[in-house]
Amino acid sequence: MNCVFQNEIANLYFCNQEEYERIKKDFTEVAYLLCAKNPFHKDIVGYDGNCPKDHPEYLYAYRPDNHILALNMVDANDKKYFSDKMISAGIDFIGNELNCGRNVVVVCNKAESRSPTMCLIYLISIGAFDKSISHNELVKKFKEVAPEWNPRNGILEYALDYFCKWRKG
């Protein structure tokens with residue numbers, strides 16, 4: 001499991017599917033943000049193939065008793081697959097769970113793209129970066145704490161757009 005910005009947020013982590021399967025039984029006071037349609041969102045909502053777009057849990061499924069939020073997130077090369085509503089739900093979930101004193105583990109299949117980038121977006125949302133840094137500096141700074149970070153174009157573009165909006169905000 002990788003700790004994100006240990007000095008600022010000691011209890012925000014990201015990991016891959018294999019690590020999640022191993023740790024989910026052993027840790028208490030942990031919340032999980034699951035950033036993958038397959039298998040997490042599909043398993044939690046209970047569908048095969050694609051979730052109907054009119055389903056109330058199409059974008060995300062929240063299971064408060066288990067401290068789990070599963071996002072219907074695919075590792076796409078186009079940012080159109082990452083909606084503001086879905087990302088905002090993830091940001092709010094992380095913040096709320098951290099405020100309750102829980103460790104938060106953000107999970108995707110390989111822990112290279114979606115889960116670390118959701119951590120990055122959360123850090124942007126709470127002002128963990130100086131607004132004067134460039135996109136390149138942001139990427140470099142995040143790579144220092146997450147060297148295995150290898151985001152697909154879609155989520156990277158979404159994160160950089162989010163950073164621009166935050167800087168203007």
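**Notebook: charges, fold and cores**

I started with the charges: the chain carries 21 positive and 23 negative ones, and their mean positions lie 5 Å apart. I kept in mind that this is a predicted model.

Next I went through the secondary structure. I found six helices and six strands in the protein chain. From the N terminus, I read the order as β-β-α-β-α-β-β-α-β-α-α-α. I then checked the overall dimensions. The radius of gyration is 15 Å, close to the 15 Å that the globule rule gives for 169 residues, so the chain is as compact as a globular protein of that length. The C-alpha atoms fill a box of roughly 45 × 35 × 25 Å along the principal axes.

Then I turned to surface and burial. The accessible surface is about 8700 Å², and carbon and sulfur atoms hold 44% of that. I noted that 46% of the 169 residues count as buried.

Which residues touch the most other members of the largest nonpolar core? I found Leu33, Met73 and Val106, in a core of 40 residues. Elements giving two or more residues to this core include β2 (12-16), β3 (30-35), β6 (103-108), α3 (84-99) and α6 (153-168).

Leaving out residues up to four places away in sequence, Leu33 touches Leu69, Leu71, Gly90, Phe93, Ile94, Val105, Val106, Val107 and Met118.

I also logged a second, separate core. It has 13 residues, among them Tyr13, Leu34, Ala36 and Phe40.

Terms used:
Residues are numbered from 1 along each chain as its sequence is written. This is a predicted model: local features need pLDDT of at least 70, side-chain atom pairs count only at pLDDT 80 or more; totals for chains, interfaces and linings use all residues. Side-chain values use heavy atoms; hydrogens and water are left out. A nonpolar core is a set of buried Ala, Val, Leu, Ile, Met, Phe, Trp, Tyr and Cys residues joined through side-chain atoms within 4.5 Å. Buried means under 20% relative accessible area, exposed over 50%, partly exposed in between (1.4 Å probe, protein chains only). Helices (H or I, at least four residues) and strands (E, at least two) are DSSP runs, numbered from the N terminus. Contact means heavy atoms within 4.5 Å. The radius of gyration is taken over C-alpha atoms; the globule rule is 2.2 Å times the number of residues to the power 0.38. Accessible areas come from the Shrake-Rupley method with a 1.4 Å probe; for residues, only the protein chains shown count as cover. Lys and Arg count as positive and Asp and Glu as negative; His and the chain ends are not counted. The place of a charge is taken as NZ of Lys, CZ of Arg, CG of Asp or CD of Glu.
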